[in-house]
Amino acid sequence: MSATRPAAVVVLAAGEGTRMKSATPKVLHEISGRSLVGHVVAASRELDPTHLVVVVGHAREQVTEHLAAIDADVRTAVQYEQNGTGHAVRMALEELGGPVGGTVVVVCGDTPLLTGRTLGALVATHDADGNAVTVLTAEVPDSTGYGRIVRDAATGAVTAIVEHKDATDAQRAIREINSGVFAFDGALLSDALGKVRTDNSQGEEYLTDVLGILREAGHRVGAAVGADHRQILGINNRVQLAEARALLNARLLERAMLAGVTVVDPASTFIDVTVTFGQDALIHPGTQLLGNTHVAEGAEVGPNTRLKDTRVGPRARVDNTVADTAVIGESASVGPFAYLRPGTNLGLKAKAGTYVEMKNATIGEGTKVPHLSYVGDATIGDYTNIGAASVFVNYDGEHKHHTTVGSHCKTGSDNMFVAPITIGDGAYTAAGSVITKDVPPGALAVARGQQRNIEGWVARKRPGSAAATAAQSTADKDPGRP
């Protein structure tokens with residue numbers, strides 16, 4: 001184990017978060033594609049700790065299930081009663097079997113802006129200075145609600161962390177605050193936790209009291225001041241959740257733009273932490289890119305587009321579109337006002353046009369579905385054109401069925417393709433047809449009733465109507481018309 005690799009990271013996530021006013025546990029609220037605790041776990045993983053333990057309490061079954069889904073190697077320790085941060089860390093160490101040799105990092109589960117780089121700098125400072133404990137601190141404009149860092153005036157050493165509710169007026173004027181993030185000598189931490197008392201306003205075991213205990217024992221207590229105080233912001237209500245989302249989104253967009261992505265309007269563009277880009281991707285206003293979406297080099301997305309778990313190929317164009325778990329091929333065109341549902345796969349230079357919906361459909365190279373159509377449970381070959389207002393009728397009320405359309409086909413407007421059917425390569429279908437049988441390659445399928453005109457019907461059945469008057473006017477102008 002390297003000098004800067006922690007023996008353990010402990011994430012405190014047992015609190016109820018009543019100020020969120022939500023049935024969802026606070027740490028499971030999401031911003032930018034991850035839960036709050038998910039962001040903290042991801043940052044902690046960048047330290048490559050030997051153990052990562054999350055302390056759970058409120059809604060522990062739900063939180064534990066979520067943790068198992070996002071990181072199978074996370075261990076959980078249960079804090080059955082929320083008796084303070086010191087008690088929570090004791091539960092974590094008990095889960096690990098007692099005192100831990102090496103560095104133990106403690107972080108809060110509601111600080112989604114904290115980065116692995118900042119945690120790494122904390123651990124490096126801790127190791128370099130030989131501290132018994134190193135606290136991550138920050139200077140903030142408003143320290144209300146935070147624990148204040150009290151320093152020795154002569155040496156600058158940290159002498160105490162005083163919680164807001166226990167602070168004097170002079171201490172409440174201090175702007176340097178405790179982030180709730182610490183690096184401890186593991187053995188000294190275990191010993192000091194056994195000496196923490198509960199004679200405070202909440203009757204709880206404060207982890208911050210460990211600093212005073214270690215200092216009184218003659219051990220070195222240091223601090224590492226974070227470069228950006230916003231990283232340590234904790235989430236306690238929906239307002240702070242929105243503020244953190246905006247900050248994180250700005251960070252993600254900045255990273256993308258510095259890597260060669262054009263974001264026309266960052267204020268109206270939202271992306272998840274798992275979204276990736278190729279160089280020279282262009283993102284228009286009003287776009288949301290979610291989940292494992294990838295926008296390849298030279299692709300253009302937006303405006304007013306929402307893509308989730310979707311891959312956009314090089315130089316593709318996606319306009320005013322909603323897509324979920326779709327693949328949009330190189331130089332393909334989608335929209336405006338298209339809906340690509342899971343299982344849609346557009347090939348090279350394929351088109352899903354205006355008011356087109358697709359689901360579980362594979363569309364071949366150069367094939368076009370230009371307007372007002374639904375394509376579900378279908379495979380369409382290369383360079384085929386599907387006429388406007390076509391519907392792939394895939395559901396019989398109990399089961400879904402598949403339609404196959406070959407390459408170089410031309411299907412007429414207002415067609416119904418009643419699955420299961422196969423339309424051969426090079427076949428045509430007439431406009432207004434309901435296709436219920438296979439169409440051989442190169443054939444023309446016509447499936448519609450013969451037109452019959454009943455002359456004089458309006459005059460007889462709707463006398464005196466506007467339609468009858470108009471028809472009569474035409475007849476007067478053209479007496480030879482039957």
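**Notebook: loops, salt bridges and a surface patch**

I started at P420, which is found in the loop between β35 (416-418) and β36 (421-423). From A419 to P420 the bond is cis, with omega near 5°. I am working from a predicted model here.

I then went to P303. Its place is in the loop between β18 and β19 (306-308). The peptide bond from G302 to P303 is cis, with omega near 5°.

**Salt bridges**

How many salt bridges does the structure hold? I noted 14.

E300 and R317 make one of them, and their side chains meet at 3.6 Å, N to O. E300 lies in strand β18 (residues 300-301) and R317 in strand β21 (residues 317-318), so the pair ties together parts that are 17 residues apart in sequence. E300 is partly exposed, with a relative accessible area of 25%. R317 also counts as partly exposed, at 25% relative accessibility.

My next pair was R90 and E205. Their closest N and O atoms are 2.9 Å apart in a salt bridge. Which parts does this pair tie together? R90 lies in helix α3 (residues 85-95), and E205 lies in the loop between α6 (186-193) and α7 (209-216), so the linked parts are 115 residues apart in sequence. I checked the cover on each partner. R90 counts as partly exposed, at 25% relative accessibility. E205 counts as buried, because its relative accessibility is 11% and the cut-off for buried is under 20%.

Last pair: D48 forms a salt bridge with R5, and the closest N and O atoms are 3.5 Å apart. D48 lies in the loop between α1 and β4 (51-56), while R5 lies in the segment before β1 (8-13), so parts 43 residues apart in sequence are tied together. D48 is partly exposed at 45% relative accessibility. R5 is partly exposed at 27%.

**Helix α1**

Is S44 buried or exposed? I found it buried, with a relative accessible area of 0%. Which residues is S44 in contact with, leaving aside neighbours within four places in sequence? I listed V9, V11, P49, L52, V107 and L119. I also looked at the polar end of the S44 side chain. A polar atom there lies 2.8 Å from the backbone oxygen of V40.

**Surface patch**

F337, Y355 and L372 make a nonpolar surface patch of about 330 Å². I took the three residues in turn.

The place of F337 is in the loop between β24 (333-334) and β25 (338-340). F337 counts as partly exposed, at 42% relative accessibility. I checked its backbone too. Phi of F337 is near 65°, a positive value in a residue other than glycine.

Y355 is found in the loop between β27 (351-354) and β28 (357-363). Phi of Y355 is near 55°, again positive in a residue other than glycine.

L372 lies in the loop between β29 (368-371) and β30 (374-380). Why does L372 count as exposed? I have its relative accessibility as 51%, and exposed means over 50%.

Key. Residues numbered from 1 in each chain as written. Predicted model: local features only at pLDDT ≥ 70, side-chain atom pairs only at ≥ 80, totals over all residues. Heavy atoms only, no water. Patch = residues over 30% accessible without salt bridge, like charges linked within 9 Å, V, L, I, M, F, W, Y side chains within 5 Å. Areas by Shrake-Rupley, 256 points an atom, 1.4 Å probe, with all protein chains shown as cover. Salt bridge = Lys/Arg side-chain N within 4 Å of Asp/Glu carboxyl O. Helix = DSSP H or I, 4+ residues; strand = E, 2+ residues; numbered from the N terminus. Buried < 20%, exposed > 50% of the residue type's maximum accessible area, 1.4 Å probe, protein only. Polar contact = N/O pair within 3.5 Å; in protein donor to acceptor, adjacent residues only side chain to side chain. Contact = heavy atoms within 4.5 Å.
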